[in-house]
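Please keep the sequence and the model in view while going through the numbered points.

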Amino acid sequence: MTFLVDCMLGKLAKWLKILGFDTLYFSRAEDDDLLALARGEGRVLLSRDHALLGRAKGITALFIETESWPGQVRQVLARFDLAGAVRPYSRCLECNVPLKTLTRAEAANLVVPFVLERAETFALCPSCGRVYWPGTHYEAMREQIEALLYPCQSSE
């Protein structure tokens, strides 16, 4: 499933990408452009704009009910039954392109020695060249993902 997220839902877009979903987001876009893109690429349009969604004839769209980004993510996952499709850390957060796994040897010239010594896994965006690894923020992100997928077990 692919998504197009309107400009008022940036954190939702970011977390859908973190979870591995093909998600387009533009910080500024005209409604007509969003509608044309959603229609042309068959993307699900996610918005809190009633007027925009009212014009989304023939487009799968979802009105996002809450202002809380964790609630927004949970709503999308539940509405489209996507919990089993989650593939964390598999997309570039900048380009939205699927990441390519790198070996330690392949990452050697792409990261600083400190990172190379400490990180266990690496991934590369084949589009922008950004390299990803489980850094200091990884554990907090993992916990947040668990809270999103299993909200009854979290203290949020």
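**Notes on the predicted model**

1. The crossing of α1 and α4 is right-handed; a crossing has this hand if the near helix is turned clockwise from the far one by less than a right angle, and is left-handed if anticlockwise. The axes of α1 and α4 come within 9 Å and cross at roughly 55°. Axes here are lines fitted to C-alpha atoms, for helices over the stretch in contact, and angles run from 0 to 180 degrees between N-to-C directions. The helices α1 and α4 are therefore oblique to each other, since angles under 35 degrees count as roughly parallel, over 145 as roughly antiparallel, 65 to 115 as roughly perpendicular and the rest as oblique.

2. The model is a predicted one, in which local features need pLDDT of at least 70 and side-chain atom pairs count only at pLDDT 80 or more, while totals for chains, interfaces and linings use all residues. Residues are numbered from 1 along each chain as its sequence is written, and side-chain values use heavy atoms, with hydrogens and water left out.

3. How many helices and strands are in the protein? There are seven helices and seven strands; helices (H or I, at least four residues) and strands (E, at least two) are DSSP runs, numbered from the N terminus. Read from the N terminus on, the elements follow the order β-α-β-α-β-α-β-α-β-α-α-β-β-α. The C-alpha atoms fill a box of roughly 55 × 35 × 25 Å, taken along the principal axes.

4. The crossing in which α4 passes α7 is right-handed.

5. Of the 156 residues in the protein, 39% are buried. Buried means under 20% relative accessible area, exposed over 50%, and partly exposed in between (1.4 Å probe, protein chains only).

6. Two buried residues may be examined next. D6 is in the loop between β1 (2-5) and α1. D6 counts as buried because its relative accessible area is 3%. From D6 to L24 there are 18 residues in sequence and 8.7 Å in space, C-alpha to C-alpha. F122, in strand β6, has a relative accessible area of 4% and is therefore buried. F122 and R91 are 31 residues apart in sequence and 13 Å apart in space, C-alpha to C-alpha.

7. P113 is in helix α6 (residues 113-118). With a relative accessible area of 58%, P113 is exposed. P113 and A123 are ten residues apart in sequence and 16 Å apart in space, C-alpha to C-alpha.

8. Most residues other than glycine have a negative phi. Y89 has a positive phi, near 60°, and N96 has a positive phi, near 70°. Y89 is in the loop between α4 (69-79) and β5 (100-102), and N96 also lies in the loop between α4 and β5. Y89 counts as partly exposed because its relative accessibility is 29%, whereas N96, at 7%, counts as buried.

9. The largest pocket holds about 430 Å³ of space. On a 1 Å grid over the protein atoms alone, a pocket is an open set of points where a 1.4 Å probe fits, with protein on both sides within 12 Å along at least five of seven lines; lining residues have an atom within 4 Å of a point. Grid points are joined across faces, edges and corners, and the volume is the space filled by probe spheres set on the points.

10. Which residues lie nearest the centre of the largest pocket? Its lining has 20 residues, of which Y89, Y132, W133, H137 and M141 lie nearest the centre. Two or more lining residues come from each of α1 (10-18), β6 (122-124), β7 (131-132) and α7 (138-149). Helix α1 gives the most, with four residues. The lining divides into 13 nonpolar, three polar and four charged residues; Ala, Val, Leu, Ile, Met, Phe, Trp, Tyr, Cys and Pro count as nonpolar, Asp, Glu, Lys and Arg as charged, and the others, Gly among them, as polar.
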